Amino acid sequence: MRRALIGLILVYFGGSGCATSKVTAFRDPVYANAQFSKVIVFGRGMHLEAATEVERQLCRKLAPTPCVPGTSVLPPTRAYSADEVNERLAYSGADGVLIVSLVADAADTRYVGTLTNSSASATGTSSGTANLYGNTAYWRGTSSAYASSSTVSTPVYNYSREARALLAFYERRNGSMVWSGELRTSGKGILSVSDGQFIRSATSKIASDVKAARLLR
């Protein structure tokens, strides 16, 4: 069991509206009463900036239980041997390991129509002189009129995105999986499909479900 856990970590390290998230997860009956006092969080399958932010936000939201971002325990600077991974995990003092593995992230942009805005304006000028002869008035001059119009067409798009991740919570000492599941995060609209919105939604839901499962002391 421990080798399976270490192998998962080695794969990674070497060798608005708003978005909404849903977690479907199950706890192993053998560990129905197990609780953990300190957790290490790893983000896998995503670019480094996103992984670091996932780890940081999850640790903050798992409080008050002590939590350590995985990149601080195993910095992504080189490949680590199985012995090094095991040694560093033990040295951290954590008894639980939470791994969030991104497995799918798809975005879609669809053209839905064109918004047209039209405007028109007109102006006129005149100039001349008037002369009065008895009871009759005579006017001489010129006049002109100008008209203009403009049309602005703006294409309108519909933005949507969905990401899926696998969740696994391990007992560090023997590598047994205690809790596992799947996360689905989705959003519509240009503001709701950003990385920031997805990470905030996903980490809040994961932390909430981990606490609800009574995995933390």
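# Notebook: contacts, cores, salt bridges and a pocket

**Entry 1, P69.** I started at P69, which touches V41, E55 and C59 when residues up to four places away in sequence are left out; contact here means heavy atoms within 4.5 Å. The model is a predicted one, in which local features need pLDDT of at least 70 and side-chain atom pairs count only at pLDDT 80 or more, while totals for chains, interfaces and linings use all residues. Residues are numbered from 1 along each chain as its sequence is written, and side-chain values use heavy atoms, with hydrogens and water left out.

I then looked up where P69 sits, and found P69 in strand β3. Helices (H or I, at least four residues) and strands (E, at least two) are DSSP runs, numbered from the N terminus. P69 is partly exposed, at 26% relative accessibility. From P69 to C59 I count 10 residues in sequence, and their C-alpha atoms are 6.7 Å apart in space.

I went through the secondary structure and noted five helices and six strands. Along the sequence they follow the pattern α-β-β-α-β-α-α-β-β-β-α. The protein has 217 residues, of which 36% are buried.

Which residues have the most contacts inside the largest nonpolar core? I found L98, F169 and V210, in a core of 29 residues. A nonpolar core is a set of buried Ala, Val, Leu, Ile, Met, Phe, Trp, Tyr and Cys residues joined through side-chain atoms within 4.5 Å. Two or more residues of this core come from each of β2 (39-44), α2 (48-61), β4 (96-133), β5 (136-171), β6 (177-188) and α5 (195-212). In soluble globular proteins, nonpolar side chains tend to be buried together.

I listed the contacts of L98, again without residues up to four places away in sequence. L98 touches V39, I40, V41, F42, L58, L62, A168, F169, W179, I206 and V210.

How many salt bridges does a search of the whole structure find? I have 10, a salt bridge being a side-chain nitrogen of Lys or Arg within 4 Å of a carboxyl oxygen of Asp or Glu.

- E84 meets R78 in a salt bridge at 3.2 Å, N to O. E84 is partly exposed at 25% relative accessibility, and R78 is partly exposed at 37%.
- E162 forms a salt bridge with R164, with the closest N and O atoms 3.3 Å apart. E162 is partly exposed at 30% relative accessibility, and R164 is partly exposed at 29%.
- E171 and R173 are joined by a salt bridge at 3.5 Å, N to O. E171 is buried, with a relative accessible area of 11%, whereas R173 is partly exposed at 48%.

I also noted a network of salt bridges that links E162, R164, E182 and R184.

I looked up the space in the largest pocket and got about 290 Å³. On a 1 Å grid over the protein atoms alone, a pocket is an open set of points where a 1.4 Å probe fits, with protein on both sides within 12 Å along at least five of seven lines; lining residues have an atom within 4 Å of a point. Grid points are joined across faces, edges and corners, and the volume is the space filled by probe spheres set on the points.

Which residues lie nearest the centre of the largest pocket? They are M46, V54, L102, F198 and I199, out of 19 lining residues. Two or more lining residues come from each of α2, β4, β5, β6 and α5. The most come from α5, which gives six. By class I recorded 12 nonpolar, three polar and four charged residues in the lining. Ala, Val, Leu, Ile, Met, Phe, Trp, Tyr, Cys and Pro count as nonpolar, Asp, Glu, Lys and Arg as charged, and the others, Gly among them, as polar.

I noted a cis peptide bond from A63 to P64, with omega near 15 degrees. P64 is in the loop between α2 and β3 (67-69).

R214 is not a glycine, yet has a positive phi of about 60 degrees. I found R214 in the segment after α5, where R214 is exposed, with a relative accessible area of 62%.

Methods. Buried < 20%, exposed > 50% of the residue type's maximum accessible area, 1.4 Å probe, protein only.
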